Amino acid sequence: MEATKNQSSFGKKLIKIITRNPIVFLLLIAAIVVGCMVDNFFSWGNLTNLLSNTAIRFLIALGVSGCLITKGTDLSAGRQVGFAAVIAGIMCQRGDYNGRLWKFLPEMNIGLVFIIVVAFGLVWGLINGFIVTKLHVPPFIATLGTQTIIYGISLVISDAQPIGGFQKIYTTLINGRIGDVKGFHLPYLLFVAAVFGIVFWFIYNKMRFGKYMYAIGGNDVAAEVSGVNTTRTLMRIYTTAGIMYAIAGYLLAAKSGGASASMGQGYELEAIAGCTIGGVSTTGGIGTVPGILIGVLVFELLKIILQFLGVNPYYNYVVQGLVIVLAVSLDIRKYIAKK
Amino acid sequence: MAKILLEMKNITKTFPGVKALDNVNFQVEEGEIHALVGENGAGKSTLMNVLSGIYPYGTYEGDIIYDGKVCQFHNIKDSEKLGIVIIHQELALVPEMTIGENMYLGNERGHKLAIDWNTTYSEADKYLRMVGLSESSKTQVKDIGTGKQQLVEIAKALAKQARLLILDEPTSSLNEEDSRALLDLMLGFKKQGMTMIIISHKLNEVAYVADKITVVRDGATIETIDNRGPEPVSEERIIKGMVGREMTNRFPKREGVTVGDIQLEVDNWTVHHPLYPERKVVDNVSMYVRKGEVVGIYGLMGAGRTELAMSIFGQTYGVNISGTMKIDGKEVKIKKGADDAIRHKIAYVTEDRKGNGLVLSQSIKVNTSLAHLDAISNHMVIDGDKEYAVAEEYREKLKTKTPSVEQLVGNLSGGNQQKVLLAKWMFAEPDIMLLDEPTRGIDVGAKYEIYCIINDLAAAGKCVVMISSELPEVLGMSDRIYIMNEGKFVGEMKASEATQENIMALILQSGRGD
């Protein structure tokens with residue numbers, strides 16, 4: 001008797017989880033179906049590929065999640081990633097490389113470059129935060145403007161040229177991996193993503209900053225009269241986001257072995273899509289780090305599924321777009337139901 | 001004489017172009033409940049905002065002397081440090097967060113870096129018990145009712161070690177039962193030595209709970225009435241101070257109105273909850289309204305009154321609606337949607353004028369004609385002159401106080417907003433007007449004017465249904481009263497036979513099914 005009761009409540013729970021995250025389960029089922037149909041889908045190599053693609057996008061999604069939870073957005077994410085990649089690329093070029101862009105620079109220490117790139121990200125974040133909180137421009141428009149500015153600056157700096165000839169240590173370190181079990185590796189990127197995941201989980205659940213973020217998203221007036229400094233909190237959110245994009249850009253340049261101003265284009269939309277699929281509510285105040293991870297992972301899974309099915313790459317955009325609209329419309333339904 | 005805990009001396013606060021507070025003097029003794037009353041815009045909230053540091057030191061003139069010391073508050077935190085805690089009128093809680101998270105928002109327990117959730121929740125639980133809540137502090141705020149949310153606000157204030165608690169309209173969103181519980185809680189705190197300031201429009205509550213009543217009018221304190229005698233101060237006495245003249249009659253007489261034939265008739269009306277279709281929100285209700293008649297529907301909050309009105313108004317609330325509706329004796333089937341209801345000459349004037357009644361970011365002009373644009377358009381094009389003329393006509397008719405009809409509705413006082421809302425629906429030329437809490441949150445003077453408008457509507461032969469949770473208003477304004485409880489009509493009375501006592505008795509008899 002007791003056992004069946006437990007079972008039924010477990011079943012109910014499972015149904016609840018599935019109905020609350022329908023997209024995630026649809027895609028998981030799709031993955032299983034595709035895996036059975038196509039060879040090599042369930043391979044260690046494919047898994048490695050999926051995880052390392054997810055890692056960088058997860059960092060960007062973490063960055064943008066704070067903006068989304070406070071009912072804002074950050075359209076400059078992708079261009080900030082591109083900018084960071086360009087700066088990192090230029091400064092990490094080999095000393096003896098003929099095509100060096102900034103010949104006046106000595107060969108730089110890649111750790112120093114990392115710090116410089118992060119500092120730039122911080123500045124972009126401060127600028128976004130300033131426009132949103134002090135000039136009171138809605139985040140959508142504010143970051144629409146800054147993303148264009150940042151892209152322009154990236155083009156100027158890189159002279160619209162692709163940048164290559166990186167120091168070996170830069171590419172090998174970041175593309176490093178441990179273990180080799182039947183083609184499965186643990187890329188270093190995975191550890192980076194894991195560390196940031198834990199840090200953000202701590203911030204969102206244990207720190208005042210995180211609670212203030214949820215409070216502003218849930219009811220900004222309540223946060224204000226409770227003594228929450230909303231301006232400072234939003235400033236920090238956009239700055240943190242800038243830093244995350246910078247880190248992602250630094251890693252992305254090394255991962256790709258080259259950089260250009262157009263790098264990171266559209267990543268902001270993928271990050272927003274990943275967050276939304278993972279349960280970050282567009283109406284504000286809701287979203288968890290594990291959810292974001294699942295959202296990003298599932299979105300990457302979708303891309304790989306399409307690739308394995310041999311879908312014309314141009315159709316990929318159509319399918320991805322449909323999934324985004326579906327995810328948000330389902331999310332909004334939850335909200336309407338509550339009213 | 002007891003010790004003076006707070007003294008505000010010669011406070012003057014000017015906003016660009018307006019003197020909101022003019023040389024105000026205000027004293028509160030330790031351990032008393034002091035009420036601030038006055039019409040909207042009289043300056044009560046401004047005074048409290050000066051006190052709590054929302055308007056920082058330097059932006060006003062005068063002194064705040066608290067506990068014998070002159071204070072200079074630069075923000076809310078400064079005043080809270082000394083135990084001055086304000087509970088705002090609009091509930092300031094984040095629905096998606098737990099009670100505990102809300103209570104310690106901005107005031108977190110634990111280490112500088114990490115919040116200590118165990119301490120937070122155990123302390124929160126302690127304060128919840130003090131305000132008589134048995135909920136766990138891990139419950140999400142959206143899962144408890146408004147009455148309990150107000151108690152959470154008080155627990156939140158207690159957690160800040162409040163010595164002087166300021167409650168701004170604490171009962172405005174509560175039903176009578178919850179209101180009474182809250183007032184009794186305040187009296188309990190008083191016994192324990194807490195000092196409180198309460199701002200309220202509900203004069204019966206003020207008379208019940210306050211030791212002293214200070215009347216504010218036009219940015220100045222007019223008088224302080226002592227309410228510690230054996231008999232509570234009469235409401236008329238307070239109103240006299242608020243409006244500056246004797247108001248012999250709070251409800252205008254309706255004269256020369258002949259009540260005609262039945263216009264609206266609803267039979268066996270049942271409405272189900274849109275989310276929980278098995279739950280009946282309106283249960284087998286039958287009612288009728290005659291031309292030129294004002295019918296009151298009285299019930300506590302949650303009785304199903306709004307839901308009844310909205311379901312009649314084009315099924316804008318509810319699912320699986322059953323029953324028949326007749327207009328002028330003929331059965332009508334109104335399609336889902338407000339537009340078909342408007343075509344059938346029904347208007348529903350919402351209780352929530354800011355939420356779904358008015359477009360606050362638009363002018364009076366635009367709002368006035370919004371429900372009946374056909375009348376001012378040539379085919380698809382709006383005639384700007386007609387639009388303006390209509391808005392002007394109603395501004396004059398309803399005596400809306402505004403520099404011009406181009407004024408944004410969001411900048412008007414509650415009473416004037418309510419007039420614009422009424423104008424909008426009157427312009428739609430309905431025969432049947434469903435008024436939901438038409439005087440909620442507006443001051444005594446504006447209420448009187450709204451009552452006059454209702455009388456004019458009845459005189460013009462409209463049938464008026466007035467939903468209200470203020471019993472005196474229902475008794476004073478209606479020809480006939482339906483009493484509603486838990487979705488059912490539990491009684492019907494002529495106004496001449498109805499008294500507060502027999503209406504409340506009907507509701508109690510019908511059982512609250514707790």
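This is a predicted model: local features need pLDDT of at least 70, side-chain atom pairs count only at pLDDT 80 or more; totals for chains, interfaces and linings use all residues.
Reader: What makes chain B agree with a compact globule?

Author: Start from the 514 residues: a compact globule of that length would have a radius of gyration near 24 Å, and chain B has 24 Å, so the two agree. Its C-alpha atoms fill a box of roughly 70 × 50 × 50 Å along the principal axes.

Reader: How much of chain B is buried, and what makes a residue count as that?

Author: Buried residues make up 45% of the 514 in chain B. The label needs 20 or more other C-beta atoms within 10 Å of the residue's own.

Reader: What share of the contacts in chain B comes from residues 24 or more positions apart?

Author: Taking contacts with a separation of 6 or more, 68% of them join residues 24 or more positions apart.

Reader: Which domains does chain B have, and how do you know that they touch?

Author: The domain assignment gives domain 1 (4-243) and domain 2 (262-509). Their centres, taken over C-alpha atoms, are 33 Å apart. As for touching, contact is called when C-beta atoms lie within 7 Å, and here it takes eleven residues from domain 1 of chain B and twelve from domain 2 of chain B.

Reader: Which elements give two or more residues to the domain 1 side?

Author: Helix H6 (176-191) and helix H8 (235-243) of chain B. H8(B) has the largest share, with three residues. By type, that side of domain 1 of chain B divides into three nonpolar, five polar and three charged residues.

Reader: Why is H14(B) called largely enclosed?

Author: Because 13 of its 14 residues are buried, the rest of the structure largely encloses it. The length of helix H14 (residues 414-427) of chain B checks out too: at 1.5 Å a residue it should span 20 Å, and its end C-alpha atoms are 20 Å apart, so expectation and model agree. Just after H14(B), B:Glu429 takes a positive phi of about 55°.

Reader: What makes helix H12 of chain A mostly covered?

Author: Count again: ten of the eleven residues in H12 (residues 267-277) of chain A are buried. Among them are A:Tyr267, A:Glu268, A:Glu270 and A:Cys275. Just after H12(A), A:Gly279 has a positive phi of about 95°.

Reader: Why is B:Leu506 called partly exposed?

Author: Its count is 17 other C-beta atoms within 10 Å, so B:Leu506 is partly exposed. To be buried it would need 20 or more, and to be exposed 12 or fewer, so 17 falls in between. B:Leu506 sits in helix H17 (residues 500-509) of chain B. Leaving aside neighbours within four places in sequence, B:Leu506 contacts B:Ile483, B:Val490 and B:Gly491. B:Ile483 is 23 residues away along the chain, with 7.9 Å between the two C-alpha atoms.

Reader: How confident is the predictor about chain A, and where is the pLDDT below 50?

Author: Chain A averages a pLDDT of 88, with 95% of residues scoring at least 70. Residues 1-5 of chain A are where it is below 50, and that stretch has zero contacts in the model beyond near neighbours in sequence.

How values were computed
Residues are numbered from 1 along each chain as its sequence is written. Chains are lettered from A and ligands numbered from 1 in the order in which they are written. The radius of gyration is taken over C-alpha atoms; the globule rule is 2.2 Å times the number of residues to the power 0.38. Two residues are in contact if their C-beta atoms, placed from the backbone, lie within 7 Å. Domain bounds come from an automatic or database domain assignment. Helices (H or I, at least four residues) and strands (E, at least two) are DSSP runs, numbered from the N terminus. Ala, Val, Leu, Ile, Met, Phe, Trp, Tyr, Cys and Pro count as nonpolar, Asp, Glu, Lys and Arg as charged, and the others, Gly among them, as polar. The expected span of a helix is 1.5 Å times one less than its number of residues. pLDDT is the predictor's confidence in each residue, from 0 to 100.
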